[in-house]
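Hi,

Here is the structure I promised to pass on.

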Amino acid sequence: PISMVRQSAKRQKVPTVLNIEQIKALLEHLEDPGKTAVLLDILTGLRVSELLALKWSNVDFENLVVHVTRSIADQHVGPCKTEASQKPVPLDPELAEALLMWQRKSPYPGDNDWVFASPASSGKLPYWSFSIFRTYIKPALKEARISGKVGWHTFRHSFATILKSHGEDIKTVQELMRHANSSVTLNL
């Protein structure tokens with residue numbers, strides 16, 4: 001049985017990373033809530049479990065920060081992956097404006113509502129990650145002619161790669177990715 005288990009922490013494949021042109025093309029073909037979800041994910045590096053667990057009360061528009069306080073997996077709300085994951089995430093003013101526009105359009109705009117509340121659950125739960133991906137992102141990837149194995153974690157990898165390619169030091173990338181230590185960031 002152990003032969004079926006990966007024994008090394010080393011990656012077997014290089015993760016897919018989107019460049020700026022691909023990101024722009026993808027966003028052009030996306031509709032909300034998928035567009036805002038991807039925009040927020042790719043500009044903050046949030047894990048999908050953190051992204052979908054956000055409530056409007058976690059978004060501080062005045063101080064331009066998102067407070068990550070929980071995660072969600074298989075529609076079960078729980079704690080964040082690590083203590084470092086709970087650090088506030090800075091918001092760019094334009095990203096905050098996009099989020100505010102989504103809040104105004106959303107059928108669930110209250111402080112205790114999920115940012116990406118699912119209409120299938122009458123807003124009582126957020127979208128399932130595969131559901132929002134299949135419904136909004138996968139068709140947009142096809143229309144934008146982006147190939148390769150793209151998933152939610154692709155946006156997180158792209159965020160880190162773009163930061164590094166623009167000359168950010170490893171400590172800054174670590175802080176923005178909310179990694180517990182820099183070795184995790186360096187392995188990325």
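What pattern does the chain follow, read along the sequence? The answer is α-α-α-β-β-β-β-β-α-α-α-α-α, which comes to eight helices and five strands. Helices here are DSSP runs of H or I with at least four residues, strands are E runs of at least two, and both are numbered from the N terminus.

Two notes before the details. This is a predicted model, in which local features need pLDDT of at least 70 and side-chain atom pairs count only at pLDDT 80 or more, while totals for chains, interfaces and linings use all residues. Residues are numbered from 1 along each chain as its sequence is written, and side-chain values use heavy atoms, with hydrogens and water left out.

On the chain as a whole: of its 188 residues, 43% count as buried. Buried means under 20% relative accessible area, exposed means over 50%, and partly exposed is in between (1.4 Å probe, protein chains only).

Now the sheet. Three strands form an open one in the order β1-β2-β5, with antiparallel pairing. β1 (59-60) and β5 (89-90) stand at the edges with a single partner strand each, so one side of each has no neighbour in the sheet. Strand β2 (residues 65-66) is joined to β5 by two bridges, and two strands count as paired if DSSP finds at least two bridges between them. Val-66 stands opposite Val-89 in β5.

Helix α2 (residues 34-44) is mostly covered, with nine of its 11 residues buried. Among them are Val-38, Leu-39, Leu-40 and Ile-42. After α2 comes Gly-45, with a positive phi near 75°.

Is Ser-71 buried or exposed? Ser-71, in strand β3 (residues 71-73), is buried, because its relative accessible area is 12%. Its side chain reaches the backbone oxygen of Pro-79 at 2.7 Å, a polar contact (a pair of N or O atoms within 3.5 Å; within protein, one must be able to donate a hydrogen and the other to accept it, and residues adjacent in sequence count only if both atoms are side-chain atoms). Leaving aside neighbours within four places in sequence, Ser-71 is in contact (heavy atoms within 4.5 Å) with residues including Ser-49, Glu-50, Ala-53 and His-76.

Finally, Met-4 lies in the segment before α1 (20-28). Met-4 is exposed, as its relative accessible area is 74%.

Cheers
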